[in-house]
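Biologist: I have the sequence and the coordinates open, and I'd like to go through them with you. Can we take it a piece at a time?

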Amino acid sequence: MLSVLNSSRPFTDSPSPAWLKSFRERLLRWFVAHRRDLPWRKTRDPYAIWVSEVMLQQTQVATVEAYFSRFLASFPTIAALAAADEQQVLRHWEGLGYYRRARQLHRAAQVVVAEHGGVFPREIDVVRSLPGIGRYTAGAILSIAHDDPHPILEANTFRLLARLLAYRDDPRSNAGQTRLWSFAEQLLPKRDVGAFNQALMELGALICTPRAPRCDECSVAQLCPTRAQGLQAEIPPPVRKVAFESVRAAAVVVEKDDTVLVVCNPAGERWAGMWDFPRFELRGEGPTTVEQELAAQVAERTGIKVRLQRSFATLKHGVTRYRITLDAWLATARGGRLARNAWSPRWVTMDELHELPLSTTARKIAKLIAAMR
Ligand code: SF4
């Protein structure tokens, strides 16, 4: 059997029928025995699968589990999501980050209601035309919900397939992507495509990991040319390290009576649609003190004149390549009128603040203020 499968040599063109048969059988057998019991695996509803796929982009499975159930409890159908206010949707997404995903999901739900009667479409081109849905997500939803024969390629399968091909060139290049997508297509079985695609992702996530893949436990190890050649550390080649940049910023909590001043990040800003305390990057330029710099920026953005009191907390967080050190300041209002601009500044009580979708750091600051009161 092994000579037929010929695991030590990469394919020059297509895998043999014997290799494919053996691969599919081994993979599915392993998946049946080892699959994780995840909430989105209990349904074939394309809407629920869609929500899970969008949440899982850039986010760990363990984090998504709690959000997924809460989100579906509040928005159980595409129609319910489409009818919801964007702020409500963002409030449910709060803490997951990458809020553009939530805004696009909401917009796409509205398109499905307006153009497809609220029924998630079945044609891959139509699905791919929806906001926020690319080739991978469309293929995942349609294959998992309906067993439609669409290949998938995401972070875990990207690595697994590159190793199964012993692909030595750059798999992130256009040529590499074309090769991997075509391999993913060749791998597809005729039946149980949804389980097969999920099994590929699961094997990549649990066994064929980026560092130190668990080849000794891998159900397809005998079919893997990368393992046979001992190239696991070189395939796929590591991505170039990101150069991190340090940023100093400040959030200003302006108090007036029992309210605080908040702004809504306008379109085009990183946290568009999310509310926050007025927040600024500290440039530390010129002869002004930090207090003067912040007071001037608060006035410019909100129309409210303030006196800075004290910095009461420092939070550290990362956003893409930025490592941000955020000082939280207390300030009191000294006059002025709320500006009418894209930042929509407004005064809110602590109860109202609780209902607004806030950035993760703004929520932490809100909790600190509540504890100080
Ligand atoms: S044998 Fe190792 S490198 Fe090959 S697919 Fe399995 S875990 Fe990945």
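Biologist: Leaving aside its neighbours within four places in sequence, what is valine 253 in contact with?

Modeller: Bear in mind that this is a predicted model. Once the neighbours within four places in sequence are left aside, valine 253 is in contact with Val260, Phe277, Ala328, Trp329, Leu330, Ala331, Ile365 and Ile369.

Biologist: Okay, and which residues have the most contacts inside the largest nonpolar core?

Modeller: Val253 is one of them, together with Leu161, Ala251, Val252 and Val254, and the core they belong to has 91 residues. Helix H3, which covers residues 46–56, gives the most to this core, with 8 residues.

Biologist: How far apart are the C-alpha centres of domain 1 and domain 2?

Modeller: Those centres lie 38 Å apart. As for direct contact, 8 residues of domain 1 meet 8 residues of domain 2. On the domain 1 side of that contact, H6 supplies the largest share, with 4 residues, and the residues on this side divide into 2 nonpolar, 2 polar and 4 charged.

Biologist: Let's switch to the strands. How many bridges join S1 to S6, and do they run parallel or antiparallel?

Modeller: S1 and strand S6, which spans residues 322–336, run parallel and are joined by 11 bridges. Within S6, isoleucine 324 stands opposite valine 247. S6 also pairs with strand S5 (residues 304–319), this time in the antiparallel sense and over 13 bridges, and there alanine 313 has alanine 328 of S6 as its bridge partner.

Biologist: And what sits in the hairpin of S5 and S6?

Modeller: The hairpin has 2 residues between the strands, and threonine 320 takes a positive phi near 45° there.

Biologist: Which non-glycine residues elsewhere have a positive phi of about 45°?

Modeller: Tyrosine 98 has a positive phi of about 45° although it is not a glycine, and alanine 212 is likewise a non-glycine with a positive phi of about 45°. Tyrosine 98 is found in the loop between helix H6 (86–93) and helix H7 (100–116), while alanine 212 is placed in the loop between helix H12 (193–206) and H13.

Biologist: Is alanine 212 buried or exposed, and why?

Modeller: Alanine 212 counts as exposed because it has 8 C-beta neighbours inside 10 Å, and the exposed class takes 12 or fewer. Tyrosine 98 has 13 other C-beta atoms within 10 Å, so it is partly exposed.

Biologist: Then what about tryptophan 271, buried or exposed?

Modeller: Tryptophan 271 counts as buried because it has 22 C-beta neighbours inside 10 Å, where the cut-off for a buried residue is 20 or more. Tryptophan 271 is found in the loop between strand S2 (259–264) and strand S3 (275–276), and, not counting residues up to four places away in sequence, it touches Tyr99, Asn265, Asp276 and Ser359.

Biologist: New topic, the ligand. How many residues surround it, and which are the closest?

Modeller: The ligand is surrounded by 15 residues, of which the closest are Cys208, Cys215, Cys218, Cys224 and Arg227. By class, the residues of this shell divide into 10 nonpolar, 2 polar and 3 charged. Helix H10 (155–164) and helix H13 (225–228) each supply at least two residues of the shell, and the largest share, 3 residues, comes from H10.

Note on methods
Residues numbered from 1 in each chain as written. Predicted model: local features only at pLDDT ≥ 70, side-chain atom pairs only at ≥ 80, totals over all residues. Near = placed C-beta within 6 Å. Nonpolar A, V, L, I, M, F, W, Y, C, P; charged D, E, K, R; others polar. Contact = placed C-beta atoms within 7 Å. Domains from an automatic or database assignment. Pairing = 2+ DSSP bridges. Core = buried A, V, L, I, M, F, W, Y, C linked by C-beta atoms within 7 Å.
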